[in-house]
Protein chains: 2
Amino acid sequence: MSLSHAIMTALLDEDLSGYELAKRFDVSLGFFWSASHQQIYKALKQLHESALVSAKDIDQQGKPNKRIYALTDSGRKDLDTWVLGETRTKPAKDELLVKMYNIGRSDLDQIVAKIEVRRGEHVLKLALFRKIESRQYLDPENLPLRKKGVYLALQAGILQTETSIRWCDDSLSLLKR
Amino acid sequence: MSLSHAIMTALLDEDLSGYELAKRFDVSLGFFWSASHQQIYKALKQLHESALVSAKDIDQQGKPNKRIYALTDSGRKDLDTWVLGETRTKPAKDELLVKMYNIGRSDLDQIVAKIEVRRGEHVLKLALFRKIESRQYLDPENLPLRKKGVYLALQAGILQTETSIRWCDDSLSLLKR
DNA sequence: GGTTGATATGCAATTTTATGCATATTAAAC
DNA sequence: GTTTAATATGCATAAAATTGCATATCAACC
């Protein structure tokens with residue numbers, strides 16, 4: 001299960017609660033692997049039962065108590081094995097592109113509007129990527145190896161998002177003509 | 001269920017059997033929405049029960065008999081409604097990018113090899129896209145509206161794939177330094 | 001005569017993901 | 001004092017995807 005390994009990857013840098021993990025999966029790692037909080041809590045429970053993570057209950061004042069998870073040695077080993085193992089390329093799934101095949105039979109304006117919505121989403125996402133980049137990754141050549149990987153993942157996000165925006169622009173221009 | 005609508009979209013142009021649909025989902029529409037043959041046969045059965053497609057059994061010599069499905073009027077209506085309805089943006093999921101976060105703790109060479117494999121996949125895919133483009137879409141401005149949508153989906157595939165190749169090259173160059 | 005590969009369809013079980021619901025604390029705003 | 005928002009965790013169910021079978025015809029090859 002990849003979700004478990006994405007969670008363990010997030011736990012490499014810091015020990016986190018389910019709630020905090022869910023927030024990380026909303027940005028950062030979540031740009032490349034997403035999950036709902038329900039999924040995350042469930043996966044954490046299973047990881048704990050398999051002893052791949054340890055758990056510690058933390059009493060808090062002002063907030064509900066939380067349970068902090070940390071990678072165990074056994075978890076690290078499992079993660080290493082996963083990293084070196086088979087890496088599947090998930091086929092893309094995009095409703096909008098399937099809908100593009102239906103243009104002409106339905107209302108063109110409404111599909112144009114959908115492309116504009118998509119464009120807006122990507123613009124927001126790109127701004128977020130750029131913000132992270134400018135704060136932490138201005139000098140990629142001199143990052144430690146570990147950070148270079150994270151930097152490259154971020155670059156993947158930036159490039160793909162820029163490309164998507166360009167596609168939206170091209171499409172809008174062709175369809176509005 | 002989006003798969004049903006992707007199938008109905010494929011049935012817009014021609015009546016197809018489950019087997020033929022599965023082949024379409026391996027290329028063409030499948031670049032943007034993928035499914036296994038088991039999924040497709042199941043969805044077709046349900047679509048038929050809902051009368052969104054009609055079925056006709058065809059006796060064949062030299063091959064097993066097959067069952068050809070066609071969109072019904074009710075199917076067309078359902079498809080129109082879906083096209084105009086809410087369009088979700090699926091969050092991307094890419095194991096390779098999650099693995100990038102693990103560089104440095106595991107064998108760099110093996111991750112570099114994975115990026116090279118990924119690059120090869122994309123090069124093949126791009127060649128396929130380009131072939132389709134050169135055969136059918138050399139003059140996008142003068143396509144009928146319906147075909148413009150398909151052309152734009154193809155362009156999305158081309159742009160995204162080119163971007164992925166560029167990312168692989170950038171990554172290989174940074175990691176090999 | 002036997003294997004391989006393309007054609008053709010499907011069930012069953014499992015895993016993964018999505019959706020809806022449920023609960024509880026505290027701070028801040030109105 | 002009541003609503004809203006953030007923090008915090010989770011169950012139960014439904015939908016979707018994956019994986020492992022299972023079957024059958026016919027042509028081509030060895």
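**Entry 1. The surface near DNA strand D**

I looked up which element contributes most to the surface near DNA strand D, and found H3(A) giving the most, with four residues. The model I am reading is a predicted one.

I then listed the surroundings of this strand. DNA strand D is surrounded by 21 residues, and the closest are Tyr19(A), Gln38(A), Gln60(A), Arg67(A) and Gln39(B). Of the atoms of DNA strand D that come within 4 Å of the protein, 63% belong to sugar and phosphate.

I sorted the residues of this surface by class. Five are nonpolar, nine are polar and seven are charged.

I noted that the side chain of His37(A) has an N or O atom 3.1 Å from a base oxygen of DNA strand D. From chain B, Gln39(B) places an N or O atom of its side chain 2.9 Å from a phosphate oxygen of DNA strand D. I also recorded the elements that give two or more residues to this surface: in chain A they are helix H2 (18-24), helix H3 (37-49) and strand E3 (66-71), and in chain B helix H3 (37-49).

**Entry 2. The surface near DNA strand C**

I repeated the search for the other strand. Here I counted 22 residues around DNA strand C, the closest being Gln38(A), Tyr19(B), Gln38(B), Gln60(B) and Arg67(B). Sugar and phosphate make up 65% of the atoms of DNA strand C that come within 4 Å of the protein.

Which element supplies the largest share of the surface near DNA strand C? I found that H3(B) does, with four residues. The elements that each supply at least two residues are H3 of chain A and, in chain B, helix H2 (18-24), H3 and strand E3 (66-71). By class, I recorded six nonpolar, nine polar and seven charged residues.

A polar side-chain atom of Gln60(B) lies 2.6 Å from one. For Tyr41(B) the distance from a polar side-chain atom is 2.9 Å. For Lys45(B), an N or O atom of the side chain is 3.0 Å from a phosphate oxygen.

**Entry 3. How the two chains are related**

I checked the relation between the protein chains. Chain A superposes on chain B by a rotation of 180° with 0.0 Å of shift along the axis, at an RMSD of 0.1 Å. The two copies are therefore related as by a two-fold rotation axis. I also compared their interfaces: 100% of the interface residues of chain A are interface residues in chain B as well, so the copies meet through the same surface.

Ser34(A) sits in the loop between H2 and H3 of chain A. Its relative accessibility is 12%, and because buried means under 20%, Ser34(A) counts as buried. Beyond residues up to four places away in sequence, Ser34(A) touches Phe25(A) and, from chain B, Pro91(B), Ala92(B) and Lys93(B).

**Entry 4. Helix H6 of chain B**

I turned to helix H6 (residues 108-136) of chain B. This helix has 29 residues and reaches 42 Å from its first C-alpha to its last, close to the 42 Å expected at 1.5 Å a residue. At its N-terminal end I found a cap: a side-chain oxygen of Asp107(B) lies 3.1 Å from the backbone nitrogen of Asp109(B).

Where do the buried residues of H6(B) pack? I found them against helix H4 (73-84) of chain A, and against helix H5 (95-100) and helix H7 (145-176) of chain B. The buried residues include Ile111(B), Arg118(B), His122(B), Phe129(B) and Glu133(B).

Leaving aside neighbours within four places in sequence, I found Glu133(B) in contact with Leu138(B), Leu154(B), Gln155(B) and Ile158(B).

**Entry 5. Leu154 in chain A**

Lastly I looked up Leu154(A), which is found in helix H7 (residues 145-176) of chain A. Is Leu154(A) buried or exposed? At 6% relative accessibility, Leu154(A) counts as buried.

Apart from neighbours within four places in sequence, Leu154(A) is in contact with Phe32(A), Phe129(A), Ile132(A), Glu133(A) and Tyr137(A). Leu154(A) and Phe32(A) are 122 residues apart along the chain, and I noted that their C-alpha atoms are separated by 9.2 Å.

Terms used:
Residues numbered from 1 in each chain as written. Chains lettered and ligands numbered in written order. Predicted model: local features only at pLDDT ≥ 70, side-chain atom pairs only at ≥ 80, totals over all residues. Heavy atoms only, no water. Least-squares fit on C-alpha atoms with pLDDT ≥ 70 in both. Contact = heavy atoms within 4.5 Å. Near = heavy atom within 4 Å. Polar contact = N/O pair within 3.5 Å; in protein donor to acceptor, adjacent residues only side chain to side chain. Nonpolar A, V, L, I, M, F, W, Y, C, P; charged D, E, K, R; others polar. Expected span 1.5 Å × (residues − 1). Buried < 20%, exposed > 50% of the residue type's maximum accessible area, 1.4 Å probe, protein only.
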